[in-house]
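Please keep the sequence and the structure in view while reading.

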Amino acid sequence: ILQRISENRPKGVLGINIGPNKDTKNKIEDFSFCLSKLHSQADYITINISSPNTEGLRDFHEDHLLTELLTQINNVKKKQNITTPIVLKLSPDINNQEISNVNELILKFRIDGVILANTTNQNRNNLKDVNKNQSGGLSGVPIQNLSTKFIKNFYKSNKKKHPLLEWAE
């Protein structure tokens, strides 16, 4: 990916979304490796802890795991003198307590922004289409109410302490 981007850099702003491989043994190492290798090509790096398709990835919304991940991200940034902005992409499925905890950690670790919100596996039972049982995250109209509520709750918890990139997929 690094070679492909460096040989044909797209015009405009380039955000690179990083996350662990599906079958990795150490997700934090994957995040660190991707940040280390790709930061020089990106205008910003997205730490994606929200994909419903990667088993265990959403566990990073938990306080202790997110602390461990962001500590490692900051260590890599410091060691390599990385100045590329870091944003955190969140799941719309987290509860208000988790929202509050995530907001505190974003401040503590000086994360540059937040992308709200990724796809969800919720709300499938309310769909009428014959494809409602396909795997993968739902986006768009099926999660409009869920993502709007999530953005509202996150904004209230945030209290304008850091920038929000309100991007519901």
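## An opening question

Does R110 count as buried or exposed? At 69% relative accessibility, R110 counts as exposed, where exposed means over 50% relative accessible area, buried under 20% and partly exposed in between (1.4 Å probe, protein chains only).

The model is predicted, so local features need pLDDT of at least 70 and side-chain atom pairs count only at pLDDT 80 or more, whereas totals for chains, interfaces and linings use all residues. Residues are numbered from 1 along each chain as its sequence is written, and side-chain values use heavy atoms, with hydrogens and water left out.

## Overall organisation

The chain contains 5 helices and 5 strands; helices (H or I, at least four residues) and strands (E, at least two) are DSSP runs numbered from the N terminus. Along the sequence they follow the pattern α-β-α-β-α-β-α-β-α-β.

Of the 169 residues, 44% count as buried. Among the contacts with a separation of 6 or more, 72% come from residues 24 or more positions apart; a contact means heavy atoms within 4.5 Å.

## Aromatic pairs

The chain has 2 aromatic pairs. The rule takes the rings of Phe, Tyr and Trp (its six-membered ring) with centres within 6.5 Å, and counts planes under 30 degrees apart as stacked, over 60 as edge-to-face and the rest as tilted.

F150 and F154 both lie in helix α5 (residues 144-158), 4 residues apart, about one turn of the helix. An α-helix has 3.6 residues a turn, so residues three or four places apart point the same way. F150 and F154 are both buried.

How does the span of α5 agree with its 15 residues? At 1.5 Å a residue, α5 should span 21 Å, and its end C-alpha atoms are 21 Å apart, which agrees; the expected span is 1.5 Å times one less than the number of residues. The buried residues of α5 are S147, F150, I151, N153, F154, S157 and N158. K159 follows α5 and has a positive phi, near 55 degrees.

Two packed helices are described by the angle between their axes and the distance between the axes. The axes of helix α4 (residues 96-108) and α5 come within 9 Å and cross at roughly 50 degrees. That makes α4 oblique to α5, given that angles under 35 degrees count as roughly parallel, over 145 as roughly antiparallel, 65 to 115 as roughly perpendicular and the rest as oblique. The axes are lines fitted to C-alpha atoms, for helices over the stretch in contact, and angles run from 0 to 180 degrees between N-to-C directions. On the α4 side the contact is made by N96, I99, S100, V102, N103 and I106, and on the α5 side by F150, N153, F154, S157 and N158.

## Buried positions elsewhere

L38, in helix α2, is buried, with a relative accessible area of 9%. Leaving aside neighbours within four places in sequence, L38 is in contact with I1, L2, I16, I18 and I45.

L69, in helix α3, is buried, with a relative accessible area of 0%. T54, in the loop between β2 and α3, is buried at 15% and touches P20 and K22, not counting residues up to four places away in sequence.

R110 lies in the loop between α4 and β4 (113-116) and has a positive phi of about 55 degrees although it is not a glycine. N81, in the loop between α3 and β3 (86-90), has a positive phi near 55 degrees and is likewise a residue other than glycine. N81 is exposed, with a relative accessible area of 64%.
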